[in-house]
Amino acid sequence: MSRFVDRVVIHVAAGDGGNGVASVHREKFKPLGGPDGGNGGKGGDVVLVVDSQVHTLLDFHFRPHAAAGSGKGGQGGNRDGANGADLELRVPDGTVVLTPDGEVVADLTGEGTRLIAAQGGRGGLGNASLASKARKAPGFALLGEPGEQHDLVLELKSVADVGLLGFPSAGKSSLISVLSAAKPKIADYPFTTLVPNLGVITGGDTIFTMADVPGLIPGASEGKGLGLDFLRHIERCAVLVHVVDCATYEPDRDPISDIDALEEELAKYTPSLADDLAERPRVVVLNKIDIPEARDLAEIVRPDIEARGLPVFEVSTASREGLRELTFALARVVEEYRASRPKQEATRIVLRPTAVDDAGFTVVEDPQVEGGFIVRGERPERWIRQTDFSNDEAVGYLADRLNRLGVEDVLVKMGAMPGCQVTIGDLVFDWEPTTPAGIAMTMTGRGTDARLEANSRVGASERLAAKKARRLPGAHEDFEEDE
């Protein structure tokens, strides 16, 4: 037995970027051949793609977690890491992507429409890409960025031209079964239809689709019955058809009250749909006129319904009476609706250049820490994520980048004092002014930075000087005298 799922929550995780590598070219008779560390590969994206062959969100119901491949780390010899593989998730036409809070992210309609649900992380640069005139052999590399992770809600809204509305057992499933090749379940008890049914119908030169949703009852917009779960499937329809059971045996029901009750539920369901009620075409189908009592009732109520400006058709799915006229009438309404809609234009590429006065970051006072500041911005926050804080030279490089960006100048203008707490992304540190960017400074050994007083490790230059001192004449004698 197949299952129809039209709302799921998925957890998407893009791939992490690969780390760059710090490497020095080594060759016989060339002990210092220069940096040759490669860059890390980019993490894979998670992409939602509309596929006309997919009709339900059932796969995501059983497998809600989706993760793309991570990028590979760089290697020596200027070898870059491989990019992570993108993960494409096929979704039905008419899928709406929302945040857990209900904010619409995208409305996916049209074969091949794509949406990057989670962006892969950037790969870190190797030390070969970080070399400069001032730092000819960097002893560090940048880390890869973590990929984005999101919780998303997918809702399926059927893309149909005609939507059938009616109470349970009004004959909607029978109508769609005789007009199209669809074979929905049909029985003589309420709520036979548990999932929406779609059928393709031909009326003259017009081909259109019809959606049959589970029967509605008063209070459906508040969660009664099955209507609340499936009302979304009629939001896109060009024309709504009221299928009225003229042979019902319930004494408190009649065609006029049925139509009024369902119109009230539609108005309560969603504001966007209620605002469009006056413009959405309506057709009323008085069903089951093969029964004499039903035919008599249809003839009685027809003038009242037509007085509201609604076209009325008397049909019988059993004898197929009136179905041809109904089919061609629906085709005309669909054609008129399509002609009135604006033509879809190709997606335009919008270029948004950065403003001249846009510094790329903002600095605000920390409301929770007296004298503290918070730095926000895509670039400084990305630099924080890519820095290896176990390497002093990498930390010094980060300080230079922030200084060149102008972060320190803004902190000084805002009254920041040495030692005050500064927060950038997930990093909290005590701020100390660094050497102004652009001023030449004496470089120390690879992996070190003279500006970091907390560094207690012996640098390569110090070890080399000590080694040369031990080789000087008399150094060995002084060492024996000390013993």
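**Exercise 1.** Determine whether Ser173 is buried or exposed.

*Solution.* The model is a predicted one. According to the unreviewed UniProt entry, the feature "binding site" is placed at Ser173 and Thr193. Ser173 belongs to helix H3, which covers residues 172-179. The relative accessibility of Ser173 is 10%. Buried means under 20% relative accessible area; therefore Ser173 counts as buried.

**Exercise 2.** State how the span of helix H8 relates to the expected value, and which residues of H8 are buried.

*Solution.* Helix H8 runs over residues 323-340 and contains 18 residues. From its first C-alpha to its last, H8 reaches 26 Å, close to the 26 Å expected at 1.5 Å a residue. The buried residues of H8 are Leu323, Leu326, Thr327, Ala329, Leu330, Ala331, Val333 and Val334.

**Exercise 3.** Describe how H3 and H8 pack, and which residues meet.

*Solution.* The axes of H3 and H8 lie 11 Å apart, at an angle of about 85°. Angles of 65 to 115 degrees count as roughly perpendicular, so H3 is roughly perpendicular to H8. On the H3 side, Leu175, Val178 and Leu179 take part; they meet Leu323, Leu326 and Thr327 in H8. The residues of this contact comprise five nonpolar, one polar and no charged. Leu323, Leu326 and Thr327 are also among the buried residues of H8.

Key:
Residues are numbered from 1 along each chain as its sequence is written. This is a predicted model: local features need pLDDT of at least 70, side-chain atom pairs count only at pLDDT 80 or more; totals for chains, interfaces and linings use all residues. Side-chain values use heavy atoms; hydrogens and water are left out. UniProt positions are given in the numbering used here, feature names are shortened, and annotations may be inferred rather than shown by experiment. Helices (H or I, at least four residues) and strands (E, at least two) are DSSP runs, numbered from the N terminus. Buried means under 20% relative accessible area, exposed over 50%, partly exposed in between (1.4 Å probe, protein chains only). The expected span of a helix is 1.5 Å times one less than its number of residues. Axes are lines fitted to C-alpha atoms, for helices over the stretch in contact, and angles run from 0 to 180 degrees between N-to-C directions. Angles under 35 degrees count as roughly parallel, over 145 as roughly antiparallel, 65 to 115 as roughly perpendicular and the rest as oblique. Contact means heavy atoms within 4.5 Å. Ala, Val, Leu, Ile, Met, Phe, Trp, Tyr, Cys and Pro count as nonpolar, Asp, Glu, Lys and Arg as charged, and the others, Gly among them, as polar.
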